[in-house]
Amino acid sequence: MNRTLAAIKVENDVLAHNYHPLPVVIESAQGAWVVDVDGKRYLDCLAGYSALNFGHGHPALLAAAREQLDRATLTSRAFHNDRLGPFAAKLADLCGMQMVLPMNTGAEAVETGVKVARRWAYEVKGVPADTAEIVVAAGNFHGRTTTVVSFSTDEQARAGFGPFTPGFTVVPYDDLDALDAAVGERTAAVLVEPIQGEAGVVVPSDGYLAGVRRICDERRALFVADEIQSGLGRTGATFACELAGVRPDVYLLGKALGGGVVPVSAVVSSREVLGLIGPGEHGSTFGGNPLAAAVGAAVVDLLATGEYQAAARRIGAVLHGGLRELVGRGVTAVRGVGAWAGVDIDPAVGTGRQVCETLAERGVLVKDTHGSTIRLAPPLVATDDEIGWALARLREVLAARPGN
Ligand SMILES: *Cc1c(COP(=O)(O)O)cnc(C)c1O
């Protein structure tokens, strides 16, 4: 424990306190497991908020990165590189789309999506200059930049950071009547998460995403799906939109696209939409760098097999089967699909944070959100036995009532 406490003290002295991490100091990680500086092992049931869908140190992803490290790592888009084209072609194919705009972080993909949608509104839909609106959902999480928090409904994410970017309309999530009323002549896009991750893995009603699609078609607005957390295997499909049988106009991707190795994000869409952006109008020094492209291509190769989507369905059966039995036993509600679950902790048992801390003591890493919810998103390489083991630890922790 000495090394853990010492490491935490160093961090707390020098780092901005923009996070409140659980008191675990990770030193190494492999597959679904991490080891702390005192040698204690934990099953990772958060997987970097789905950035680690393929687990820690996946051999194919590390091999792709290592090979590329010795060839070329950064070229800037001032030049072409031999990795970017093949990566983009594979990714577009995976998405059933035609064009890719590579960035690094999720928030940058969202910013790019906003710019591309506005450009489309002015040049294709004919919206008068500088009046385009983007409709978003309450409870959203799309990142942390000033424009993105401009349309957040989380006061903690916004307070003290204004003035905010105009041009966004917020409607309740999973409410088609409200959406129908909000989408009009000046609407460039409807931007939603097919499942709201940060909000606590909130799955909309059947028919919601199909309704979003219909409203966008009727009013001629782009359907922009933020699949940064829900996409790339987590739900048991490549995209959560697929589960609803819906195709958006624009996918925003990130997190798992970098395989847990490097930050890789992308906007993927049609030629009609992404073809509207010309040289000098948008970009990023690191976007599409050869290291990112090599890892991203290896990620797409893993997804193309369908193996990880199948693994998410298998994990989901065990996970949700086990979690359902906890409702009424320290848990008030469970949501989610595939290897993804939001679990509301009965306040009589303790806070989400207390449950996470006690679970960590017992060797399971998860993270709380919004006070009383804990989020489970194990890497898709976890076995049924490992998921069962984590569920047993959760049962123990709930029975022990960490808040008392
Ligand atoms: C994490 C996340 C983002 C932001 O990604 P960053 O890489 O942290 O900038 C955007 N949208 C969703 C749905 C996310 O889960």
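Start with helix 14 (residues 352-361) and helix 15 (residues 384-400), whose axes come within 10 Å and cross at roughly 125°. Angles of 65 to 115 degrees count as roughly perpendicular and those over 145 as roughly antiparallel, so helix 14 is oblique to helix 15. Keep in mind that this is a predicted model.

Helix 14 and helix 15 make a right-handed crossing. Now show side chains. From helix 14, select Val355, Thr358 and Leu359. Their partners in helix 15 are Arg393, Leu394 and Val397. Colour this contact by residue class: 4 residues are nonpolar, 1 is polar and 1 is charged.

**Next stop: helix 13 against helix 15**

The axes of helix 13 and helix 15 come within 10 Å and cross at roughly 20°. Angles under 35 degrees count as roughly parallel, and helix 13 and helix 15 are therefore roughly parallel to each other. The crossing of helix 13 with helix 15 is right-handed.

Which residues make the contact between helix 13 and helix 15? On helix 13, pick Arg314, Ile315, Val318, Leu319, Gly322 and Leu323. On helix 15, pick Asp384, Ile387, Gly388, Leu391 and Leu394. By class, this contact has 7 nonpolar, 2 polar and 2 charged residues.

**Then: helix 4 and helix 12**

Select residues 84-95 for helix 4 and residues 290-304 for helix 12. The two axes come within 9 Å, with a crossing angle of roughly 30°. That makes helix 4 roughly parallel to helix 12. The crossing of helix 4 and helix 12 is left-handed.

Helix 4 brings Leu84, Phe87, Lys90, Leu91 and Leu94 to the contact. Helix 12 answers with Ala293, Gly296, Ala297, Val300, Asp301, Leu303 and Ala304. Sorted by class, the contact holds 9 nonpolar residues, 1 polar residue and 2 charged residues.

**On to the ligand**

Centre the view on the ligand. Around the ligand, select Thr105, Gly106, Ala107, Phe141, His142 and Gly143.

- Gly106: a backbone N or O atom lies 2.8 Å from an oxygen atom of the ligand.
- Phe141: a polar backbone atom is 3.3 Å from a nitrogen atom of the ligand.
- Asp226: a polar side-chain atom lies 2.7 Å from a nitrogen atom of the ligand.

**Last stop: two loops**

Go to the loop between strand 8 (222-226) and helix 10 (240-243), and find Leu232 there. What is the phi of Leu232? The angle is positive, about 65°, although Leu232 is not a glycine.

Finish in the loop between helix 7 (155-158) and strand 6 (168-171), where Pro163 is found. Select Gly162 as well and look along the backbone. Is the peptide bond from Gly162 to Pro163 cis or trans? This bond is cis, with omega near 0°.

Notes
Residues are numbered from 1 along each chain as its sequence is written. This is a predicted model: local features need pLDDT of at least 70, side-chain atom pairs count only at pLDDT 80 or more; totals for chains, interfaces and linings use all residues. Side-chain values use heavy atoms; hydrogens and water are left out. Axes are lines fitted to C-alpha atoms, for helices over the stretch in contact, and angles run from 0 to 180 degrees between N-to-C directions. Helices (H or I, at least four residues) and strands (E, at least two) are DSSP runs, numbered from the N terminus. A crossing is left-handed if the near helix is turned anticlockwise from the far one by less than a right angle, and right-handed if clockwise. Contact means heavy atoms within 4.5 Å. Ala, Val, Leu, Ile, Met, Phe, Trp, Tyr, Cys and Pro count as nonpolar, Asp, Glu, Lys and Arg as charged, and the others, Gly among them, as polar. A residue is near a molecule or strand if one of its heavy atoms lies within 4 Å of it. A polar contact is a pair of N or O atoms within 3.5 Å; within protein, one must be able to donate a hydrogen and the other to accept it, and residues adjacent in sequence count only if both atoms are side-chain atoms.
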